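Open the model in your viewer and keep the selection tool ready. This tour goes from one selection to the next.

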Amino acid sequence: MDAMDRSILKCLSANSRCSATEISQTVHLSVAAVIERIRKLERNGIIRQYTVVLDQHKIGNDVTALMEVSLEHPKYYDRFTEVVNATPSVVTCDYLTGDYDFMLRIQTKSSESLEQLHRVIKNIQGVSATKTYFVLKEVKCGVSAADDV
């Protein structure tokens, strides 16, 4: 991967619907070359998917929370991740080092639905502790780190 690939990734990170023509004008490369590079990035697994960033408030999810979760033992990892992956309100789950094992990002309709989800997570076998934070305001949405590639 070279600087040109990084420039193409930066364009796609800003707008995954950006056309090859628009990208070619930005990076000063032919449309055919841009298309070939994108296909190569996809084949090599560098581009894993194209996605949409939703305005959570406009779709009715007025509560964003971060939840740290600890497990009693690593043997509970598989069951915990199964439940989290099956829970639509959990939009991201990261496995961590440090005091807690996981950090969940939760988007939900209300504090009541967050409370219900909290009970579900606390009842997963092996969960020993949680710590939940309400997000007051999203300052930066980190969809990609194309500049760091």
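How many of the nine residues of strand β1 (residues 63-71) are buried? Select β1 and look: eight of the nine are buried, so the strand is largely enclosed by the rest of the structure. Buried here means under 20% relative accessible area, exposed means over 50%, and partly exposed lies in between, with a 1.4 Å probe and protein chains only. Strands (E, at least two residues) and helices (H or I, at least four) are DSSP runs numbered from the N terminus.

A word on the ground rules. This is a predicted model, in which local features need pLDDT of at least 70, side-chain atom pairs count only at pLDDT 80 or more, and totals for chains, interfaces and linings use all residues. Residues are numbered from 1 along each chain as its sequence is written, and side-chain values use heavy atoms, leaving out hydrogens and water.

**Stop 1: the sheet**

Seven bridges join the two, and they run antiparallel. Find V63: its bridge partner in β3 is T108. Then find L66, which stands opposite R105 in β3.

L71 has V127 as its bridge partner in β4.

Show all the sheet strands. Four strands form an open sheet in the order β2-β3-β1-β4, with antiparallel pairing; strands pair if DSSP finds at least two bridges between them. β2 and β4 stand at the edges with a single partner strand each, so one side of each has no neighbour in the sheet. From one strand to the next, the twist averages 20°.

**Stop 2**

Select helix α4 (residues 77-85). α4 packs on the sheet and touches β1, β2, β3 and β4; its direction makes about 20° with that of β3. Next, select helix α5 (residues 111-122). α5 lies across β1, β2, β3 and β4 and runs at about 160° to β4. Axes are lines fitted to C-alpha atoms, for helices over the stretch in contact, and angles run from 0 to 180 degrees between N-to-C directions. Contact means heavy atoms within 4.5 Å.

**Stop 3: the cores**

Which residues have the most contacts inside the largest nonpolar core? Select V69, F80, L104, I106 and I121; the core has 18 residues. A nonpolar core is a set of buried Ala, Val, Leu, Ile, Met, Phe, Trp, Tyr and Cys residues joined through side-chain atoms within 4.5 Å. β1, α4, β3 and α5 each give two or more residues to this core. β1 gives the most, with five.

Centre on L104. Among the residues it touches are A65, V69, F80, V90 and I121. Then move to a second, separate core of twelve residues, which includes C11, V34, L41 and I47.

**Stop 4: the aromatic rings**

Finish with Y77, F80, Y95 and F102, which form one aromatic cluster. Rings of Phe, Tyr and Trp (its six-membered ring) pair if their centres lie within 6.5 Å; planes under 30 degrees apart count as stacked, over 60 as edge-to-face and the rest as tilted. The count comes to four aromatic pairs. The ring centres of Y77 and Y95 are 5.0 Å apart and the planes are at 65°, so this pair is edge-to-face. The pair links α4 with strand β2 (residues 90-95), 18 residues apart. Y77 is partly exposed at 30% relative accessible area, whereas Y95 is exposed at 54%. Y95 also forms a tilted pair with F102, at 5.1 Å centre to centre and 35° between the planes. F102 is buried, at 1% relative accessibility.

How values were computed:
Lists of a residue's contacts leave out its neighbours within four places in sequence.
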